Amino acid sequence: RFQMRLDHPAAAGLRSGQWKYLRPGTWSGSTTLFDLAADPAEKQDLSRARPDLVKQLEARLEAAESALARHLPDGSSFSRSEGGFLVWVTLPDAIDSSALLDDAKRAGVVYAPGELFYPDGRRSSSLRLSVANTSVAEIERGVAILGEVARAALARGRRRAAEVVHV
């Protein structure tokens, strides 16, 4: 039903403001936390000094992954974040992420359509979704809305296909 692509197994993280959180396996065998404002070279791991922040950032990542897995329509997939705050989501092929954007905006969700990331601007069912500086509740609600909007677009497409008269 649902697929989660792992571009680099166990590589996942989140950037939020000055903080960069990486799960175990991203760069080392343990959790790491960097203060990018004070340590742009990422040499001082603060994960043991700031377990509260590690827990908060991990909760955001888990919320995003869980919400995406639960709310996106069948045939969707996403890539886990690799030390960033963006998730690449691929919806079913029948959905054009650029055409879906107006409906998503009206419902309160904004994303970058996949066509922006192709030099030829080709139609794409993919999109880039940010979870930076977003609360767990906002992530859950936003992904639920995105799933609802995507399912509605699929249903409209099925209705249109059923209305086509073949001669």
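1. Which side chains meet in a salt bridge at 3.1 Å, N to O? They are those of Asp120 and Arg122; a salt bridge here is a side-chain nitrogen of Lys or Arg within 4 Å of a carboxyl oxygen of Asp or Glu. Asp120 is exposed, with a relative accessible area of 52%, whereas Arg122 is partly exposed at 42%. In these terms, buried stands for under 20% relative accessible area, exposed for over 50%, and partly exposed for what lies in between (1.4 Å probe, protein chains only).

2. On the basis of the note: this is a predicted model, in which local features need pLDDT of at least 70 and side-chain atom pairs count only at pLDDT 80 or more, while totals for chains, interfaces and linings use all residues. Residues are numbered from 1 along each chain as its sequence is written, and side-chain values use heavy atoms, with hydrogens and water left out.

3. On the overall arrangement: the protein has 3 helices and 8 strands, following the pattern β-β-β-β-α-β-β-α-β-β-α along the sequence. Helices (H or I, at least four residues) and strands (E, at least two) are DSSP runs numbered from the N terminus. Of the 167 residues, 44% count as buried. Among contacts with a separation of 6 or more, 57% come from residues 24 or more positions apart, contact meaning heavy atoms within 4.5 Å.

4. On strand 4: this strand covers residues 32–35, with Thr32 and Phe34 pointing one way, Leu33 and Asp35 the other, and all of them buried. Strand 4 pairs with strand 3 (residues 19–22) in the antiparallel sense over 4 bridges; pairing requires that DSSP find at least two bridges between two strands. Leu33 is the bridge partner of Tyr21.

5. On Asp35: this residue of strand 4 is buried yet has no salt bridge, and the nearest side chain of opposite charge, that of Arg50, is 6.9 Å away. For charge, Lys and Arg count as positive and Asp and Glu as negative, with His and the chain ends not counted. The Asp35 side chain does reach the backbone nitrogen of Ala37 at 3.1 Å. Neighbours within four places in sequence aside, Asp35 is in contact with Gln18, Trp19, Pro40 and Leu46.

6. On helix 1: residues 51–71 form this helix of 21 residues, which reaches 30 Å from its first C-alpha to its last, close to the 30 Å expected at 1.5 Å a residue. The expected span is 1.5 Å times one less than the number of residues. Its buried residues include Leu53, Leu57, Leu61 and Leu68, and also Glu58, Arg60 and His71.

7. Arg70 is partly exposed at 44%, as is Glu140 at 26%. Asp103 forms another with Arg106, the closest N and O atoms being 2.4 Å apart. Both lie in helix 2 (residues 97–107), 3 residues apart, about one turn of the helix.

8. On Thr90: this residue lies in strand 6 (residues 86–90). Is Thr90 buried or exposed? Thr90 counts as buried because its relative accessible area is 17%.

How values were computed. Polar contact = N/O pair within 3.5 Å; in protein donor to acceptor, adjacent residues only side chain to side chain.
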